[in-house]
Amino acid sequence: MPEPYIDPSASALLVIDMQKGFCDPNSQMEKAGIGTENQRAILPDVLRLVDVCRDRGMPILWSQQIHYPEDVTRLKRRIPSHIQKQNWAPCLRGTWEVDFVDEVAEAIQPEDFVVEKHRASVFFETTLDTKLRMLGIEQILISGCNTDFCVETTIRDGYYRDMDVIVVRECVAGPRKQFHEDTLAKVETYFGAVVGLDELEGLIMPPDQAGPDLRARSAQLTADTHAAALKG
C-alpha cells in the first residue's frame, strides 16, 4: 500500500445525487428501462464511507439534482438534450424524486452541506467551489451516482481546479457497467486515483502527519471576534 496521502485537514467528501430519482425502483429512470439497481446497491458502502470521513473530521457535502419542468433552455437546442434522447426526466422540481433516499436523509447532519445543482457537474454554477475554498479543501473524495455523467463531469471539474480527486470504487455507480468502468479507467489514467473502501483508511494521514487544522483556528477566530464585540 502507498504511503498515506489523503490529508484530512484539507479533504472533503462529496456525495453526488443519492436521490430517489436515481435510486428508487418507482422512479422515471426505472420506468424508462435504464435501471436503478446498481445505484441502490452502493448505499451501505456510501454510508460507511460517510462515517469514515466524518470520524476523521472531513466536511461532508451532498449534491441534490433538481431539474425544472419548465426549463426553456431545452427548447433552444437544435440537437436533442440528454433528457430527450433517453425519454425520461429525473428529479423534477416539486416531485418526490428530488428527495434524498431515506437512508441518506437520515445520515445528513446539521454541520453538513447540501449543494443544489441544475446541471451534471456539482461545480457548474453552484456554490461548491466557494464552499471548498472557504473550508481549505485541496482534495475531494468522490462518491454517488451516476458514474459516467454527474460523477464524471464533477471529477473533471475538480481536476481542472487543481484538486486531488480520489474516487472510492465501491461508492460510485451507474446503470451501464461499461460506461461505469470506462469512467474509472479515465480517472486512473488522467484525473486522479481510484481506491477501494477497505484501503481508504490506510491512505488517510494520521494526525501527526496531517496539516494544521485551519478550520478549527478559523472557528476560534470567529468566536473570539464575537466575544470581543459583546464586550463592547
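Visitor: Is Arg 133 buried or exposed?

Guide: Arg 133 counts as exposed, because its relative accessible area is 56% and the cut-off for that class is over 50%. Please keep in mind that this is a predicted model. The partner of Arg 133 in a salt bridge is Asp 129, with the closest N and O atoms 3.9 Å apart, and Asp 129 is partly exposed, since its relative accessibility is 22%.

Visitor: Where do Arg 133 and Asp 129 lie?

Guide: The general idea is that an α-helix has 3.6 residues a turn, so residues three or four places apart point the same way. Here, both Arg 133 and Asp 129 belong to helix 7, where four residues, or about one turn of the helix, separate them.

Visitor: Which residue forms a salt bridge with Arg 156?

Guide: In general, side chains of opposite charge can pair when their charged atoms come close. In this model Arg 156 pairs with Glu 152, the closest N and O atoms being 3.1 Å apart, and the two residues are both in helix 8, four residues apart. Arg 156 is partly exposed at 26% relative accessibility, whereas Glu 152, with a relative accessible area of 9%, is buried.

Visitor: How many salt bridges does the structure hold, and which parts does the pair of Asp 102 and Lys 20 tie together?

Guide: The structure holds 12 salt bridges. In one of them the side chains of Asp 102 and Lys 20 meet at 3.4 Å, N to O; Asp 102 is in helix 6 and Lys 20 in helix 1, so this pair ties together parts that lie 82 residues apart in sequence. Asp 102 is partly exposed at 47% relative accessibility, while Lys 20 is buried, its relative accessible area being 18%.

Visitor: Turning to pockets, which residues lie nearest the centre of the largest pocket?

Guide: His 82, Ile 83, Gln 86, Ala 120 and Phe 149 lie nearest the centre, out of 27 residues that line this pocket, whose volume is about 600 Å³. Helix 5 and helix 8 are the elements that give two or more residues to the lining, and helix 8 provides the largest share, with four residues.

Key:
Residues numbered from 1 in each chain as written. Predicted model: local features only at pLDDT ≥ 70, side-chain atom pairs only at ≥ 80, totals over all residues. Heavy atoms only, no water. 1 Å grid on protein atoms, 1.4 Å probe; cavity = no way out; pocket = protein on both sides within 12 Å on 5 of 7 lines; lining within 4 Å. Points joined across faces, edges and corners; volume = space filled by probe spheres on them. Salt bridge = Lys/Arg side-chain N within 4 Å of Asp/Glu carboxyl O. Buried < 20%, exposed > 50% of the residue type's maximum accessible area, 1.4 Å probe, protein only.
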